[in-house]
Amino acid sequence: MSFQILTINPGSTSTKIAIFEDEKEIFSKTLRHTAEELSPYATVASQFQFRKNIILSELQQAGWDIHGFHAIVGRGGLVKPIESGIYEVNDALAHDLEYPVMGEHASNLGGLIARDIVREMHNGTKAYIADPVVVDELDPIARLSGHPALSRVSIFHALNQKVIARTYAREVGKKYEEMNLIVAHMGGGVSVGAHCCGRVVDVNNALDGDGPFSPERSGGLPTGALVELCFSGKSKAEVKKMLKGNGGVVAYLGTNDMRLVEEKAPVDAEYGMIQDAMCYQIGKEIGAMAAVLKGKVDAILLTGGIAYGKPITDYITRMVGFIAPVKVYPGEDEMRALAMNGLMVLRGEMQAKTYA
């Protein structure tokens with residue numbers, strides 16, 4: 001029996017939808033939302049009906065009957081920290097998606113819209129979310145920062161990191177839960193995770209910009225200088241924007257387009273230095289995660305949009321190739337990752353977890 005799965009991935013100015021028949025994507029669409037369209041909505045949660053109606057309208061125009069879907073998987077949002085896995089959208093999860101405990105983000109709408117659509121189907125189809133950014137499997141020792149007032153938290157590209165790790169494990173004929181892997185997701189933010197036997201036991205907080213700097217995030221900054229900056233007369237909002245949004249590559253070069261940086265790096269010393277510095281920091285973070293795994297690393301996996309840049313992946317590979325084999329998986333296929341989680345549940349290969 002084949003399964004049809006609808007995936008929903010809301011972003012700040014777009015909503016991506018895709019339909020999979022088993023492993024094969026058979027339909028996809030990016031629905032873009034202008035600032036004018038979103039301006040009437042004071043909160044992300046208030047955009048719910050607007051986005052749901054657009055999704056249903058698009059599916060209807062494309063000739064899809066919602067009653068033909070065996071599962072609907074939405075992108076998970078900023079709920080409370082949970083273990084990795086796929087979760088059926090129950091009342092508790094729906095509440096925390098609508099009234100987020102970790103802050104607002106458009107991805108919170110994914111599970112809410114999925115749940116509302118399956119309620120209209122009346123055929124037993126279920127709504128899920130999978131591996132939201134708040135996946136938290138940190139070892140207790142990894143939570144200690146150096147001061148009890150400031151604990152380290154786990155917020156990272158869990159969805160893509162987990163699917164890439166599982167993909168590699170399948171390729172080499174092993175189980176993800178039996179391997180030690182380091183996965184570096186390199187996009188607008190960079191997260192580097194130590195995957196120990198199926199759990200991400202340590203990872204930098206990519207949302208707040210910890211770890212390596214990235215195209216638009218400052219990464220870990222000198223502590224004393226950061227304190228001085230906070231009391232320099234700049235507002236809290238200004239400082240936070242410097243850390244996330246206006247930090248990293250864009251702060252140095254005025255662009256967050258890594259394709260442009262890669263193009264200019266061979267002929268412009270400044271561009272070359274900034275590109276190399278970012279790679280250097282990523283390589284250093286990978287080395288730190290190798291120490292977390294006590295040197296027992298089966299492979300290092302480089303993924304995300306920046307992984308399309310061969311000079312970047314080559315630089316990092318030269319730094320860390322002595323630790324373990326390096327494999328590159330360029331891009332991030334979040335829609336496929338959502339669908340594959342749903343497919344594993346439908347096939348009985350994975351059990352959906354309960355959010356409480």
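Two strands count as paired if DSSP finds at least two bridges between them. The model shown in these views is predicted.

**View 1. Strands E2 and E3 pair in antiparallel fashion.** Eight bridges link E2, residues 14-21, to E3.

**View 2. Six strands make up an open sheet with mixed pairing.** The strand order is E3-E2-E1-E4-E6-E5. The edges are held by E3 (24-32) and E5 (86-88). Each edge strand has a single partner strand, so one side of each lacks a neighbour in the sheet. From one strand to the next, the twist averages 25°.

**View 3. Helix H4 packs on the sheet.** H4 spans residues 108-121. It touches strands E1 (4-10), E4 (71-75) and E6 (126-130). The directions of H4 and E4 make an angle of about 160°.

**View 4. Helix H12 lies across the strands E1, E2, E3, E4, E5 and E6.** H12 covers residues 334-346. It runs at about 140° to E1.

**View 5. Helix H11, residues 310-320, has four named buried positions: Ile312, Thr313, Ile316 and Val320.** These residues lie on the same side of H11, because they cover an arc of only 90° around the axis. Exposed Lys310 and Arg318 sit on the face turned away from the buried side of H11.

**View 6. The buried residues of H11 pack against strands and helices.** The strand partners are E7 (180-186), E10 (299-304) and E11 (326-330). The helix partners are H9 (258-264) and H10 (269-292).

Notes. Residues numbered from 1 in each chain as written. Predicted model: local features only at pLDDT ≥ 70, side-chain atom pairs only at ≥ 80, totals over all residues. Heavy atoms only, no water. Helix = DSSP H or I, 4+ residues; strand = E, 2+ residues; numbered from the N terminus. Axes fitted to C-alpha atoms, helices over the stretch in contact; angles between N-to-C directions. Contact = heavy atoms within 4.5 Å. Buried < 20%, exposed > 50% of the residue type's maximum accessible area, 1.4 Å probe, protein only. Arc of directions from axis to C-beta.
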